[in-house]
Amino acid sequence: MLLISAGIEIMLIICITAANLNPTPMLYFIFYNLLYGLVFSLLIPLYCLYKENGVSVSGSVLAEVGFKKPGIRQWGVLVTFVVFSVGGQLIPKMAAGEQIPWHLLPMGIVPLIMTTFFEELFSLYHLGYPGFRTWADILLLFAVGVGFAAAYKLSGNNLIVSFFVNLPNAFVTYILKYEQFPVMRVSSTIAAAVTLVLIGFATEMLRQLLEVAKNAGMNELYLSVEKKNEPSVKTITRNGGVYERSFEIDGEQADIYRIALLE
């Protein structure tokens, strides 16, 4: 698993570097949003989680790795870390009379929400950004990552807390060091919004279908999908689909998956 994590981290750096080499909107979307974000930060880790547990990525499995509802303790950790992290950066500058470029924030909100959702090991993947390749920045980001890791542990291994501790810090870092970030345009907001929608849309549609089938008294559901339709296959397997058999229709190969509705 350590080798897989190292491999993913290397691919994150490569994808971010490629996105920033020739940052046209389409190439940036392909290398950053799709490859860095959806593939290497989300789908591959979910697949590794599936392989490690030998079952579909269910609510109980996700809870074990940190996706769980925050309680009073978790909210306390979240507020404490946000106050110290954000306040520690802004208060000294505001006290010194420095102008904070708040006007930059609206264009960066959606892209930063997406980036924060995808972020994994702190520090190293920033090597892909041309503006964050100094030792000072890498060491600072490493220290920030240690802080977020502490928030994760103190909150009882809660990734929801870790995300919301990270997000305000990302906003503040952007407005204070905007020149080190890729230029945020309207296209960046649109691309980030499309990516976030892609994450949840297909999964939510299938989840609702499973709920309807379960309420109708069905014990299991069979779904057929063309073998080459990888996004649909991944959506089915993420919702507990188990491969049953293959068949051919109109010269195309297709698979049948079974989803158990009653545990």
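Which two helices have axes that come within 8 Å and cross at roughly 145°? The model is predicted.

1. **The helix pair.** The two helices are α6, residues 135–154, and α7, residues 159–176. Their axes come within 8 Å and cross at roughly 145°. The crossing of α6 past α7 is right-handed. Two packed helices are described by the angle between their axes and the distance between the axes.

2. **What the two helices bring to the contact.** From α6 come V144, F148, A151 and Y152. From α7 come L159, V161, S162, V165, N166 and N169. Sorted by type, the residues of this contact are seven nonpolar, three polar and no charged.

3. **The loop between them.** S155 lies in the loop that links α6 and α7. Is S155 buried or exposed? S155 has a relative accessible area of 0%, so this serine counts as buried. Beyond its neighbours within four places in sequence, S155 touches R73, Q74, V77 and V161. One of these, V161, also belongs to the α7 side of the helix contact. G76 is 79 residues away from S155 in sequence, yet the C-alpha atoms of the two are 8.6 Å apart.

4. **The chain as a whole.** The protein chain holds nine helices and three strands. Along the sequence the pattern reads α-α-α-α-α-α-α-α-β-α-β-β. The chain has 263 residues, and 37% of them are buried. Its accessible surface is about 15,100 Å², with 68% of that area on carbon and sulfur atoms. Among contacts with a separation of 6 or more, 70% join residues 24 or more positions apart.

5. **The sheet.** In what order do the three strands stand in the open sheet? The order is β1-β3-β2, and the pairing is antiparallel. β1 (220–226) and β2 are the edge strands; each has a single partner, so one side of each is left without a neighbour in the sheet. From one strand to the next the twist averages 25°. Strands of a sheet pair through backbone hydrogen bonds, either parallel or antiparallel.

6. **β1 against β3.** Seven bridges join these two antiparallel strands. E220 has A260 of β3 as its bridge partner. Y222 is paired with R258 in β3. S224 is paired with I256 in β3.

7. **The two faces of β1.** In a regular strand the side chains alternate between the two faces of the sheet. On β1, the covered face carries L221, L223 and V225. The uncovered face carries E220, Y222, S224 and E226. β2 covers residues 242–249 and β3 covers residues 252–260. Seven bridges join this antiparallel pair. Within it, Y243 stands opposite Y257 of β3. The two strands form a hairpin with two residues between them. In the turn, D250 has a positive phi of about 55°.

8. Which strands does α9 touch? Helix α9, residues 230–238, packs on the sheet and touches β1 and β3. The direction of α9 makes about 160° with that of β1.

9. **G241.** This glycine sits in the loop between α9 and β2. With 12% relative accessibility, G241 counts as buried, because the cut-off is under 20%. Leaving aside neighbours within four places in sequence, G241 is in contact with I236, Y257, R258 and I259. G241 and Y257 are 16 residues apart in sequence, with their C-alpha atoms 5.4 Å apart.

Methods:
Residues are numbered from 1 along each chain as its sequence is written. This is a predicted model: local features need pLDDT of at least 70, side-chain atom pairs count only at pLDDT 80 or more; totals for chains, interfaces and linings use all residues. Side-chain values use heavy atoms; hydrogens and water are left out. Helices (H or I, at least four residues) and strands (E, at least two) are DSSP runs, numbered from the N terminus. Buried means under 20% relative accessible area, exposed over 50%, partly exposed in between (1.4 Å probe, protein chains only). Contact means heavy atoms within 4.5 Å. Accessible areas come from the Shrake-Rupley method with a 1.4 Å probe; for residues, only the protein chains shown count as cover. Axes are lines fitted to C-alpha atoms, for helices over the stretch in contact, and angles run from 0 to 180 degrees between N-to-C directions. A crossing is left-handed if the near helix is turned anticlockwise from the far one by less than a right angle, and right-handed if clockwise. Ala, Val, Leu, Ile, Met, Phe, Trp, Tyr, Cys and Pro count as nonpolar, Asp, Glu, Lys and Arg as charged, and the others, Gly among them, as polar. Two strands pair if DSSP finds at least two bridges between them.
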